[in-house]
Amino acid sequence: MAVCERHEELYEELDSYIDQVKDKPGILIGVLHKAQEIFGWLPQEVQEHVAEKLNLPVSEVYGVVTFYNHFSTKPKGKNEIKVCLGTACYVKGADRVMDRMLEELGVQLEEVTPDGLFSVHAVRCLGACSMAPVVLVGEKDFYGKVTPDMVTKIISAYKRGGSHE
Amino acid sequence: MTPITVLVSVDSNSILLGAKEFVTYLRNLVANYNMDSLVTVLETVSLGSYNGVTVQVLPDDVYYSIKSKDDVRKIVEEHLLKGRQVWDLTIDKSSIKPAEKFELKEIRIVTRNIGSIDPKNIDEYIARDGYFALSKALKMKPEEVIKEVKDSGLKGRGGAGFPTGLKWELTAKVQADQKYVVCNADEGEPGTFKDRLIMEGDPHSVIEAMTIAGYAVGASKGYIYIRGEYYNSVENLRKAIKDAYEYGFLGEDILGSGFSFDLTVRLGAGAYVCGEETALLESIEGKSGKPRLKPPYPPENGLFGKPTVINNVETFANVPQIILNGASWFKSIGTPNSAGTKVFCLAGDVNRRGMVELPMGVTVREVLYGFGGGVRGGRELKMVQTGGLAGTFIGPDKLDTPLDYDSMRKYGVSLGSGVILAIDSSHCAVDIALNTMEFFRHESCGKCTPCREGTRLACEILEKMTKLEATQEDLSYLEEIASLTADASFCGLGQSINVPLLSLINNFRNEFLKHVNEKECSVNLCKKPEKKAKAFIK
Ligand SMILES: Cc1cc2nc3c(=O)[nH]c(=O)nc-3n(C[C@H](O)[C@H](O)[C@H](O)COP(=O)(O)O)c2cc1C
Ligand code: SF4
Ligand code: FES
């Protein structure tokens, strides 16, 4: 099956990374970063696989995955929209931006849109407070001084399948 | 024609305004006009103003604020090509440098290179005395290095304010086959972005300082633990480390001294509590970042059970200058008990937001008005949050409080990580309290019951208050929870929730009372029918 084959490749990519770093102390979090980068999220099979490769109990891997906000045990949209609700953003109206974002996409927090393109997440300070309120799409596309009325435009930039530009 | 240099302020904040695209466009235009040999376009870090992307043209020393590609084109076609200044884009240098009338004494120690050098070019760092401190330190005895840092009076800039030299001394004294130096670059405090700008703008200063620390305490390995979301910082640091290895400032036998030091970057994975030093060490060890019981403290028993120095980014960034210029120079800046400078991050409802380095002892008012240009839109200032989320909310009556390590004890105003968040009269104190507590609830690691349950209960009550359904008993209960949680919690996170909460309640008691007694919100933000809860959920 095509899907499985693709998965095989992903596992191979992960394994070759693990083989490189295996002997460094405390590398579990680094491996999980890589795994999430490859798979987009961390399904149970992937967690079990990591545990086996690193010779750790699955429970330890699971404990670490659920502890850190960055790791996700649920699939995310192709474009992860992070709305900062840190204090500096909050006082500049981030909650209204969030409300509009959810309304516009017709989803709840953390829920993926039916077309798989988007999911919306509330995050803490992104370290760009002088541009508050801040929205981050994916890992690098920052939007600053966002107003509710800018939401449609931001979303539409990603609707055509690709990321912006 | 004299060569022209165009500096474009590219930092995390200006990138949001399109700085990167402007640089590319600017370079393309310069190439199109065949001006490559005459005009150098450099990315530089924060020039401090964020109304647009700030651009400086040298040697003319003209500053522009650009908002669009058209503006870029104008500057190229008018100024660069024809030598005519574009007046409508020109900004006053005073908007870059603080307004005179407040006599803000900006002193740049940790930010000295930010905006002046290309952070990705090690030669530019070296040209500004970079790695001189390291070579000087390596010629000193480790004890002498520690003494210099101790005498300087440098204290931790990460929040707790522990004397840095003493921490190094404690670590140096322990005998061990392996020791570590760790840089706390987890910067999770909402409203703080100084560490990010330091690492992005002057990564070598942190690397140099950590190597000096390694030499002083006898450590051969260092880790920089950095927030995974700080992509630009990670990128710049990794490049800087690579270059430092190539130049022999890291690795084996540094500068022929026989001392060896290795440095690695480790990415955090989004947990505020990992900023707490022992939780951070757990995280580097690959575990869940839950705080450890102290004592033993890291100098004795730190990373992988070995003696470890752990300092904040800003703390480290001070070290090379202290070694170069001496302890007494450093001590001459700031106040007697708080030597040196502090980098402040100004955000919220002010005219100018950004980062500024000022001597310790500067007042909240000076930062707010001298640098920030006052409250936006002529609104009234309602409160200022200082020190970060675990810090204090103060009313306008406390604006003249000097900020240093004594301000908390003397005036109940927290210095913390240097956040100054201005909040104007359109905001509701109860609502701000709820937002603050939601953060704590979300970031509580769950290891101890008082913090896990206390933050949950506090949120529930505050939520009830914002729905105008709470009673006066609820308010008393809330105050009680704040104190109990602070007393019984295991680590600094739970232990500090009373500070913001009680400072809000005490400063705005009437407003809280109005919510519970008259079921009224002073600014009409809290309403009876379902107000959406803005919980952070994982
Ligand atoms: C909940 C919590 C979060 C913290 N977050 C940070 C942080 O993000 N950055 C930091 O440098 N220190 C943070 N600290 C303080 C560290 O525990 C520690 O005091 C600091 O890294 C020591 O470095 P310094 O002496 O150079 O300040 C935090 C403390 C607590 C209790
Ligand atoms: S006080 Fe809070 S963050 Fe600290 S250990 Fe307890 S539950 Fe975790
Ligand atoms: S609070 Fe949103 S970026 Fe800092």
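**View 1. The two domains of chain A.** The C-alpha centres of domain 1 and domain 2 of chain A lie 29 Å apart. Domain 1 covers residues 8–67 and domain 2 covers residues 79–160, with bounds that come from an automatic or database domain assignment. A word before we zoom in: this is a predicted model, in which local features need pLDDT of at least 70 and side-chain atom pairs count only at pLDDT 80 or more, while totals for chains, interfaces and linings use all residues. Residues are numbered from 1 along each chain as its sequence is written, chains are lettered from A and ligands numbered from 1 in the order in which they are written, and side-chain values use heavy atoms, leaving out hydrogens and water.

View 2. Strands are DSSP runs of E with at least two residues, helices are runs of H or I with at least four, and both are numbered from the N terminus. Two strands pair if DSSP finds at least two bridges between them. Strand 16 (residues 419–424) of chain B runs antiparallel to strand 14 and is joined to it by 5 bridges, with Met383(B) opposite Ile423(B).

**View 3. The hairpin of strands 14 and 15 of chain B.** Strand 15 (residues 392–394) is also antiparallel to strand 14, through 3 bridges. Look for Val384(B) standing opposite Ile394(B). The hairpin has 5 residues between its strands, and Gly387(B) in the turn has a positive phi of about 85°.

**View 4. The shell around ligand 1.** Of the 19 residues around ligand 1, those that come nearest include Gly158(B), Asn184(B) and Thr315(B); a residue is near if one of its heavy atoms lies within 4 Å. Strand 9 (308–312) and helix 20 (492–495) of chain B each supply at least two shell residues, and strand 9 gives the largest share, 3 residues.

**View 5. Polar contacts of ligand 1.** Polar contacts are pairs of N or O atoms within 3.5 Å. One oxygen atom of ligand 1 lies 2.7 Å from a backbone N or O atom of Gly158(B). For Gly275(B), a polar backbone atom is 3.2 Å from a nitrogen atom of the ligand. Thr315(B) places a polar side-chain atom 2.7 Å from a ligand oxygen atom. The protein covers 88% of the 610 Å² of accessible area that ligand 1 has on its own, by the Shrake-Rupley method with a 1.4 Å probe.

How values were computed
Polar contact = N/O pair within 3.5 Å; in protein donor to acceptor, adjacent residues only side chain to side chain.
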